[in-house]
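Please look through the model below before reading my comments.

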Amino acid sequence: MRHIYAVGFFILTLCCSGDLAAQHTPQYSLYMLDRYQFNPAYAGMDASLSINAAYRTQWVDLPGNPVQEHINAHMPLYLLNGAVGVKLMHETIGAENTVRASVSYNYVLEGNFGLISAGVSAGIIQKSLDGALLRAPDGEYEGPTIIHNDPNLPIGLVRGIKPLVAAGAYYIGDQFEAGISVTDVSFGALEFDGIRFSGRPALVAFGEYYLEGLEGFDIYPTFLLRSDLSQTQVEVAVRGVYDDFLSAGVGLRGYSTHTLDAVVLFAGLKLSEHVSMAYGFDLTISPLSQATRGTHEVVLKYNLNKIIGAGLPPPVIYSPRFR
């Protein structure tokens, strides 16, 4: 059976010109549970060592569907009035693989107004393309034979690597927190075997408001905006947290007929003092609903819940969140 990928055809079309240009920031529905993933200034805001892992399989049943694995860790550095973090992400889309790795530092200022943090991260992005999985209209593919009859398409595996940086700012108050960041800022194009990939920086804005509900029950409306100044995607959600133990919520991705993508349903559970997990399901409402059964995402979180090292005390601001 031939390796024919729906997403691969899209990549194939772009590769024919020998130059790719795209915003390629990973998509996550449970963004509110891992804010460090899109903003380096959030590091240390959980007041202890925090480790977060996520797995997402998008558009199930669509051949070559995007699949992401993500893990990060961050912790306060009270002696330096800030925090550090490290992040690793792997994503596959059809014949394309992407790996991102970075480290970060952010400075945190504490005052009567709340907490303000500014941070930067630096790392690398590696992209690879398996030409053996691509199929061209005029190619020859019999048994092990791979002849694309297209000089722009590789026959085997090709890869390239380049540096990547990001910067952000984050604010936490008594009832409101928000952040803004610029991610995927690269220097020059990534080139491999005649293919040139030019990524676009992404602007990411996040906000959450804390509403005290019934006794032991809190409500958190959130929003996330992502844009490369050419295309913009907006997500809104609301989640309820009961006794810092159970959580559930609903979200919507898209703000117009051109950007409507999915309704998101999610729930979480605190398994122990240190560990919690959450599951999200995207119900596709775009035209892709004819070809997919939706999207699954799982997030696992660990928090040490103790101060590491000597120095400044933990923040005294009351900003409860489901961890």
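This is a predicted model: local features need pLDDT of at least 70, side-chain atom pairs count only at pLDDT 80 or more; totals for chains, interfaces and linings use all residues.

1. Aromatic pairs overall. How many aromatic pairs does a search of the whole structure find? The search returns five. Two of them are described in the next points.

2. Y31 and F206. These two rings form an edge-to-face pair. Their centres are 6.2 Å apart, and the angle between the planes is 80°. The cut-off for a pair is 6.5 Å between centres, so 6.2 Å falls within it. Y31 belongs to the loop between β1 (19-22) and β2, while F206 belongs to strand β11 (residues 202-209). The pair therefore ties together parts that are 175 residues apart in sequence. Both Y31 and F206 are buried.

3. Y42 and Y170. This pair is also edge-to-face. The centre-to-centre distance is 5.1 Å, with 75° between the planes. Y42 sits in the loop between β1 and β2, and Y170 in strand β7 (residues 157-172), so the contact joins parts that are 128 residues apart in sequence.

4. The cluster. Ring pairs link Y31, F38, Y42, Y170 and F206 into a cluster.

5. Charges over rings. Which residue lies over the face of Y36? It is K87, at 5.8 Å from the ring centre. The cut-off for such a contact is 6 Å, so 5.8 Å is within it. R135 places its charged end over the ring of Y141, 4.3 Å from the centre of that ring.

6. Positive phi at D61. The phi of D61 is near 85°, a positive value in a residue that is not glycine. D61 lies in the loop between β2 (50-57) and β3 (67-77). Its relative accessibility is 47%, so D61 counts as partly exposed.

7. Positive phi at D184. D184 also is not a glycine, and its phi is positive, about 60°. Where is D184 found? It is in strand β8 (residues 176-186). D184 has 13% relative accessibility and so counts as buried.

How values were computed
Residues are numbered from 1 along each chain as its sequence is written. Side-chain values use heavy atoms; hydrogens and water are left out. Helices (H or I, at least four residues) and strands (E, at least two) are DSSP runs, numbered from the N terminus. Buried means under 20% relative accessible area, exposed over 50%, partly exposed in between (1.4 Å probe, protein chains only). Rings of Phe, Tyr and Trp (its six-membered ring) pair if their centres lie within 6.5 Å; planes under 30 degrees apart count as stacked, over 60 as edge-to-face and the rest as tilted. A charge sits over a ring if NZ of Lys or CZ of Arg is within 6 Å of the ring centre and within 35 degrees of the ring normal.
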